[in-house]
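Hello,

Here is the structure I promised to pass on to you. Have a look at it first, and then read on for what turned up.

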Amino acid sequence: MINNIESEFDLGIDLIKNNKNIGIASHVNPDGDNLGSILALGNALEKINKKVFMFKSDDIPTNFSFLPNIDKIMDYDDTIELDLFIALDVSDENRLGKNKVFLEKIENIINIDHHISNTNFGSINIVDSNAAATGELVYKLISKMGIIIDKDIASCIYTSISSDTGSFMYDNTTSETHEIAAELIKLGIDKSNININLYQNRSIQKTKLFIKVLETLKFYHDNKVGIIQVTQDMLNNSNAKMEDTEGIISFIREIDSVEIAVLLKEIKEEDIKVSMRSKKYVDVAEICANFDGGGHIRAAGCTINQPINMAEKLILEQIKKVF
Ligand code: AMP
Ligand code: MN
Ligand code: MN
């Protein structure tokens with residue numbers, strides 16, 4: 001289904017205006033775009049007297065505790081009666097984790113997202129794969145509704161956009177991305193504080209985990225592919241959590257010869273979460289689609305239910321096809 005994005009915005013705004021109790025949920029493994037979008041939209045809707053419930057689908061990494069109003073994000077509770085459910089930065093139904101039940105319970109669903117692999121599961125789909133971050137779409141929605149963007153909302157949107165563009169560095173960054181960021185800076189956000197929290201805040205434990213994980217680095221295809229592994233043993237030995245691997249995959253992509261960086265995370269013995277990044281020309285969303293995953297051209301993921309070395313072998317078989 002191809003939607004006219006402008007009319008989807010209008011229909012979404014009508015639905016929001018006509019409903020009172022609104023649920024907004026995170027995706028599993030929530031990231032800066034996801035959390036920033038939820039808090040920005042949630043707080044904007046409270047300003048127009050909506051009763052807003054922000055639900056988490058997973059634990060929130062502690063490095064996001066600086067986000068204004070982060071404590072408003074609560075545990076999933078399906079006893080709450082909702083009139084409208086909004087999914088943000090959620091490419092498909094399963095990414096909602098336990099909050100997926102709301103899709104069956106509630107008729108009015110607004111799906112706001114920028115993943116190329118989005119399945120348009122909403123009754124209204126504000127989906128634009130040209131948006132660098134879901135936060136950009138939230139900015140447009142709030143602006144179109146005429147809600148004043150205060151400093152807290154602006155900080156959350158800035159966090160969204162900065163997170164998904166690698167601080168305005170990745171290919172998805174457009175002139176519009178910079179225009180929105182400029183508007184947010186004009187609103188007086190503390191950009192330096194956000195940047196320190198996002199990019200200069202790595203704990204010593206996390207750094208020690210990085211050292212261990214980097215020791216697993218292997219290269220393939222003339223050093224164009226770099227693969228690293230994180231096992232449960234490594235986490236236990238460095239007293240770290242899986243969320244502490246955030247950012248390490250960028251380090252692999254930054255290697256001069258590397259086009260594809262792969263991170264294999266051992267969640268359980270036969271439950272391997274794969275993250276993939278590319279630099280210039282490979283579509284990693286397409287590679288991950290072979291394993292029922294997806295994402296963006298330059299950043300994608302999937303899960304493989306095999307032991308970690310077998311998962312690596314399977315991924316390499318698919319990567320081989322692109323070279
Ligand atoms: P990650 O490597 O987990 O940071 O994910 C990179 C991108 O791929 C994000 O935009 C995710 O939404 C997407 N992604 C990660 N895992 C999956 C999955 N299992 N299915 C679909 N999309 C995914
Ligand atoms: Mn996300
Ligand atoms: Mn995103």
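This is a predicted model: local features need pLDDT of at least 70, side-chain atom pairs count only at pLDDT 80 or more; totals for chains, interfaces and linings use all residues.

A quick definition before we start: a polar contact here is a pair of N or O atoms within 3.5 Å.

H296 places one 3.2 Å from an oxygen atom of the ligand, and R95 has one 3.4 Å from a ligand oxygen atom. On its own, ligand 1 would expose 480 Å², and the protein buries 84% of that. Around the ligand there are 14 residues in total, and the closest are H115, K273, S275, R277 and A300.

Now to the chain itself. The protein is divided into two domains, with domain 1 covering 2-199 and domain 2 covering 205-319. Taken over C-alpha atoms, their centres are 26 Å apart.

How do the two domains meet? In terms of contacts, 9 residues of domain 1 touch 11 residues of domain 2. The area buried between them is about 780 Å², and carbon and sulfur atoms give 47% of it. On the domain 1 side, I116, Y170 and D171 supply 40% of the area buried against domain 2, which is more than any other three residues.

D171 comes up again in the polar part of the picture. Its side chain meets that of R298 in a salt bridge, with N to O at 3.2 Å. Across the interface of domain 1 and domain 2, the rule finds 1 salt bridge and 5 residue pairs in polar contact, both partners being at pLDDT 80 or more. Sorted by class, the side of domain 1 that touches domain 2 has 3 nonpolar, 5 polar and 1 charged residues.

Best wishes

Terms used:
Residues are numbered from 1 along each chain as its sequence is written. Chains are lettered from A and ligands numbered from 1 in the order in which they are written. Side-chain values use heavy atoms; hydrogens and water are left out. Domain bounds come from an automatic or database domain assignment. Contact means heavy atoms within 4.5 Å. Buried area is the accessible area (1.4 Å probe) that two parts lose on being put together, summed over both. A salt bridge is a side-chain nitrogen of Lys or Arg within 4 Å of a carboxyl oxygen of Asp or Glu. A polar contact is a pair of N or O atoms within 3.5 Å; within protein, one must be able to donate a hydrogen and the other to accept it, and residues adjacent in sequence count only if both atoms are side-chain atoms. Ala, Val, Leu, Ile, Met, Phe, Trp, Tyr, Cys and Pro count as nonpolar, Asp, Glu, Lys and Arg as charged, and the others, Gly among them, as polar. A residue is near a molecule or strand if one of its heavy atoms lies within 4 Å of it. Accessible areas come from the Shrake-Rupley method with a 1.4 Å probe; for residues, only the protein chains shown count as cover.
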